[in-house]
Amino acid sequence: MSDRADDAVLHALRTGDAEAFARVVNDWSPAMIGRARAYVSTRASAEDVVQDTWLAVIRGLDRFEARSTLRTWVFRILVNIAKTRGVREARVVPVASMDPDAEAGPTIDPARFRGPDDPWPRHWLDEGAPHHWHTGTEDAAQAAISREVQDLVAAALEALPPRQREVVSLRDVHDLTSDEVCETLGLSAANQRVLLHRGRAKVRAALENYYHGTSERRQP
Amino acid sequence: MTDNHDPDDVEDVPCQDIVELVTDYLEGTLDPVTTAAVEAHLAGCDACRIYLEQFRETIALLGHVPADTLSAQAQAGLIDAFRAFSIKGRPSDRDP
């Protein structure tokens with residue numbers, strides 16, 4: 001949202017425009033829940049945090065001095081409430097440098113690449129190389145995504161280690177910037193990218209398994 | 001597009017490194033020399049181009065995962081709270 005649009009929303013809220021309030025609640029709550037989940041242990045807790053945040057926003061609107069954007073201010077309140085609640089739930093957020101979810105190691109099975117004695121070491125083996133996915137349509141990106149694929153991606157995301165899930169969810173599902181994710185999760189930019197990369201690679205691998213199985217069934 | 005998959009080419013980055021660099025590449029955080037090396041490799045390597053394309057597709061699909069949000073009931077409750085506060089608690093002439 002541009003600063004000017006943000007100003008317009010703020011003006012509407014301060015003049016008691018309930019429709020404008022309903023719109024921001026609708027538009028911002030999904031990302032707020034995603035962000036709250038970094039601090040609290042359950043989805044239900046995250047929803048409580050978001051509700052409490054909006055109530056605090058309603059009460060605090062008149063004191064808000066617009067030194068930051070409205071959105072930044074709302075998310076700052078959210079993080080404070082979520083942190084307090086997270087401490088109550090005794091959820092320990094691991095220190096980034098000791099984060100097991102960010103540990104090094106290849107994201108692709110090394111057996112898919114050529115060995116050190118090959119003229120092209122560490123390049124794809126013919127049998128290891130990725131193949132185009134048989135998405136059943138030329139224009140896969142534009143076509144309606146099958147329910148099966150949607151469920152598969154959602155399940156693969158849910159199955160990631162917690163820190164990877166949080167980063168991938170905030171970046172790719174909720175469209176937060178890397179800076180926002182680093183701030184929320186207390187990560188360095190480099191660590192954020194490692195978690196993002198490892199998480200995305202696992203979701204890609206789940207899709208590859210799915211499409212590979214499909215193409216094998218089609219072409220025995 | 002020419003095949004520049006020359007094993008003697010000192011700048012060539014092996015595929016096994018490319019697959020670990022795709023997120024940094026997409027984020028634009030690689031230094032210019034590495035970016036150029038990645039792009040030179042991609043130009044000559046079908047398999048890595050497919051890999052990159054699948055990575056982008058994965059990101060696009062993640063963008064379609066439905067996000068959790070507040071229940072309609074919770075949202076309605078908040079709107080009621082907003083209305084109640086606006087009527088009771090807010091001076092009408094405070095807006096600049």
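**Exercise 1. The interface**

How many residues does the contact take from chain B and from chain A? Determine also which helices of chain B supply the side that touches chain A.

*Solution.* The structure is a predicted model.
- Step 1. Chain A contributes 57 residues to the contact, and chain B contributes 40 residues.
- Step 2. On the side of chain B that touches chain A, at least two residues each come from helix 1 (15-27), helix 3 (46-62) and helix 4 (72-89) of chain B.
- Step 3. The most is given by helix 3 of chain B, with 11 residues.
- Step 4. By residue class, this side of chain B comprises 21 nonpolar, 10 polar and nine charged residues.

**Exercise 2. The architecture of chain A**

Describe the secondary structure of chain A and state what share of its residues is buried.

*Solution.* 
- Step 1. Chain A has eight helices and zero strands, giving the pattern α-α-α-α-α-α-α-α along the sequence.
- Step 2. Of the 220 residues in chain A, 35% are buried.
- Step 3. Consider the contacts in chain A between residues at least 6 apart in sequence: 64% of these join residues at least 24 apart.

**Exercise 3. The nonpolar cores**

Which residues touch the most other members of the largest nonpolar core? Examine the surroundings of Val49(A) as well.

*Solution.* 
- Step 1. The largest nonpolar core has 53 residues, and those touching the most other members are Ala36(A), Val49(A), Val50(A), Leu78(A), Ala82(A), Leu157(A) and Leu62(B).
- Step 2. With neighbours within four places in sequence left aside, the contacts of Val49(A) are Ala36(A), Val40(A), Leu78(A), Ile81(A), Ala82(A) and Arg85(A).
- Step 3. Another core, of 14 residues, lies apart from the largest one; Phe113(A), Ile18(B), Val19(B) and Leu52(B) are among its members.

**Exercise 4. The kink in helix 2 of chain A**

Locate the kink in helix 2 of chain A and decide whether the residue at that position is buried or exposed.

*Solution.* 
- Step 1. Helix 2 (residues 18-36) of chain A has a kink of about 40 degrees at Ser29(A), shortly before the proline Pro30(A).
- Step 2. Ser29(A) is one of the buried residues of helix 2 of chain A, which also include Trp28(A), Ala31(A) and Ala36(A).

**Exercise 5. Positive phi angles**

Find where Arg122(A) and Asp175(A) are placed, and give their phi values.

*Solution.* 
- Step 1. Most residues other than glycine have a negative phi.
- Step 2. Arg122(A) has a positive phi, near 65 degrees, and sits in the loop between helix 4 (70-88) and helix 5 of chain A.
- Step 3. Arg122(A) counts as partly exposed because it has 16 C-beta neighbours inside 10 Å.
- Step 4. Asp175(A) also has a positive phi, near 60 degrees, and belongs to the loop between helix 6 (162-173) and helix 7 (178-185) of chain A.
- Step 5. Asp175(A) has 13 C-beta neighbours inside 10 Å and therefore counts as partly exposed.

Terms used:
Residues numbered from 1 in each chain as written. Chains lettered and ligands numbered in written order. Predicted model: local features only at pLDDT ≥ 70, side-chain atom pairs only at ≥ 80, totals over all residues. Core = buried A, V, L, I, M, F, W, Y, C linked by C-beta atoms within 7 Å. Buried ≥ 20, exposed ≤ 12 C-beta atoms within 10 Å, placed from the backbone. Contact = placed C-beta atoms within 7 Å. Helix = DSSP H or I, 4+ residues; strand = E, 2+ residues; numbered from the N terminus. Nonpolar A, V, L, I, M, F, W, Y, C, P; charged D, E, K, R; others polar. Bend = angle between axes of the 7 residues up to and from the residue.
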